[in-house]
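This briefing is intended for reading beside the sequence and the structure shown below.

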Amino acid sequence: MALVHLDALYRVAVRLARNRAEAEDIVQDAVLRAFRSFHRFDPGTNCRAWLFTILRNVFLNRVRTQGREVPEAEVGDFDQVEMAFDTDVDRNPEEQFLQTMLHGDVDRALTTLPLAFREAVLLVDIEGLTYREVAEVLECPIGTVMSRLSRGRRLLRRALERYAREHGYVKEDG
Amino acid sequence: MNCSEIQARLAAYVDGEMAVSQIAAVEGHCLECRHCAALVRAEREFRQLLRRQPREAAPAELRTRILRQVRREAALAKGRRWLPASAVAVAAAVVVALLLSARTPPLVADLVDKHIAYANVERPTELASTDRREVAEWFRSRTGLRVTVPDYSPSGIHLAGARLAEAHERQAAYLLYEKGRTLLSVFMVPLPASGGTLRGDRVRYRDQEYVTYERKGFRTVSWTDDQAVYALVSMLDYDALLECADRLRQERAQQTRL
């Protein structure tokens, strides 16, 4: 019945916390909480989303008590940056740089994204959750998932393009 | 739909989150518009790049540590009796299963469990459809997978729908058929599927090799070609399952020739 593996929880935790030791603590804490509140889990609902929700809450609680990354504030700042970018963005359908990505580039780029975008991209693109599941985990409407996903992917693309330039795969004038 | 409408919905389309009724409009447009078609391709490639990322496992030491702690908690909870013992046992079993599931049971055994799980939920499919073409199209737009949707209607086995399943951390295609009240699950797990060789008895049917295997009262017939592992799971008898397997193989061969 529980089809989410510990591995998936661990992978998400590493990318949320950007730190392996901390990720291990988060996963451990989340599994114990899942165990303690299992009687409240509604078997008709999605187990995977339920577990990721617990994991995320554990992570956010730690962040808040430590006074670090705050997701909502970051989104606000980026909204404005993105608006400015959007006007002159020319989508390039070729994107040869995708073929040139080195092992680890995607992860490196992902960790540079602000939390709100990182978690949306992570859950949909890396772990394969549906929009509805992600909306459940992030406790927000599906429309918000879609807009965060879209901005997250755009930021990720841009970071990857930057790496491709650093590796010398694409010319500066791109 | 015009270009800007298409581009606004590009992500939902490529993510397989678009209503089936709109998919045809996007595809019609992309046949005519090379720019939008190229954008769709680029979006797909980007998604595939992300999906191809190595999927690391949790450290074994972490798994052991958590298991130990869950067992300790279960023992304590039983002692305190703040929950019925049966609830504690279920919770502990589920959490332990969750942790151990990463130890990778044989692929087909995993698929039988999925068949049972799907049979017990209200909506076993994500796409309820009896239209083979629509189902194939749904997989293609959602995952880029070319899934063969065999026609079993001459044997009285009818398509009920499809979903994306996960098997051994790989995205798999799942087709659900019904013969009266008996369900037939067809899984296609793209290679490389982990789990080594298929478990069970080797049989030959119409000059092809299959593996049969029974678990929890369900019969399975599975085989591998150069693209995927295929498995049929049902309460139907082996003759019917082998017939269905042969049919799928033939249709698959026909499709790849095209």
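How many residues does helix H4 of chain B have, and how far does it reach from its first C-alpha to its last? Helix H4(B), residues 34-51, has 18 residues and reaches 26 Å, close to the 26 Å expected at 1.5 Å a residue; the expected span is 1.5 Å times one less than the number of residues. This is a predicted model, in which local features need pLDDT of at least 70 and side-chain atom pairs count only at pLDDT 80 or more, while totals for chains, interfaces and linings use all residues. Residues are numbered from 1 along each chain as its sequence is written, and chains are lettered from A and ligands numbered from 1 in the order in which they are written. Helices (H or I, at least four residues) and strands (E, at least two) are DSSP runs, numbered from the N terminus.

**Helix H4 of chain B**
- Cys36(B), Leu39(B), Val40(B) and Glu43(B) are the buried residues of H4(B); buried denotes 20 or more other C-beta atoms within 10 Å of the residue's own, exposed 12 or fewer, and partly exposed in between, with C-beta atoms placed from the backbone.
- These buried residues line one face of H4(B), because they fall within an arc of 100° seen down its axis; the arc is that of the directions from the helix axis to the C-beta atoms.
- Their cover includes helices H1 (3-8), H2 (10-14) and H3 (20-32) of chain B.

**Nonpolar cores**
- The largest nonpolar core has 52 residues, and Leu9(A), Ala13(A), Val27(A) and Leu55(A) have the most contacts inside it; such a core is a set of buried Ala, Val, Leu, Ile, Met, Phe, Trp, Tyr and Cys residues joined through C-beta atoms within 7 Å.
- H1(A) gives the most to this core, with nine residues.
- Apart from it lies another core of 43 residues, including Leu111(B) and Tyr152(B).
- Not counting residues up to four places away in sequence, Val27(A) touches Leu6(A), Leu9(A), Tyr10(A), Ala13(A), Ala58(B) and Leu62(B); contact requires C-beta atoms, placed from the backbone, within 7 Å.

**Cys47 of chain A**
- Cys47(A) is found in helix H3 (residues 47-66) of chain A and counts as partly exposed, because it has 17 C-beta neighbours inside 10 Å.

**Hairpin in chain B**
- Five bridges join E5(B) to the antiparallel strand E6(B), residues 208-215; strands pair if DSSP finds at least two bridges between them.
- The two strands form a hairpin with two residues between them, and Arg206(B) in the turn has a positive phi of about 45°.

Terms used:
Two residues are in contact if their C-beta atoms, placed from the backbone, lie within 7 Å.
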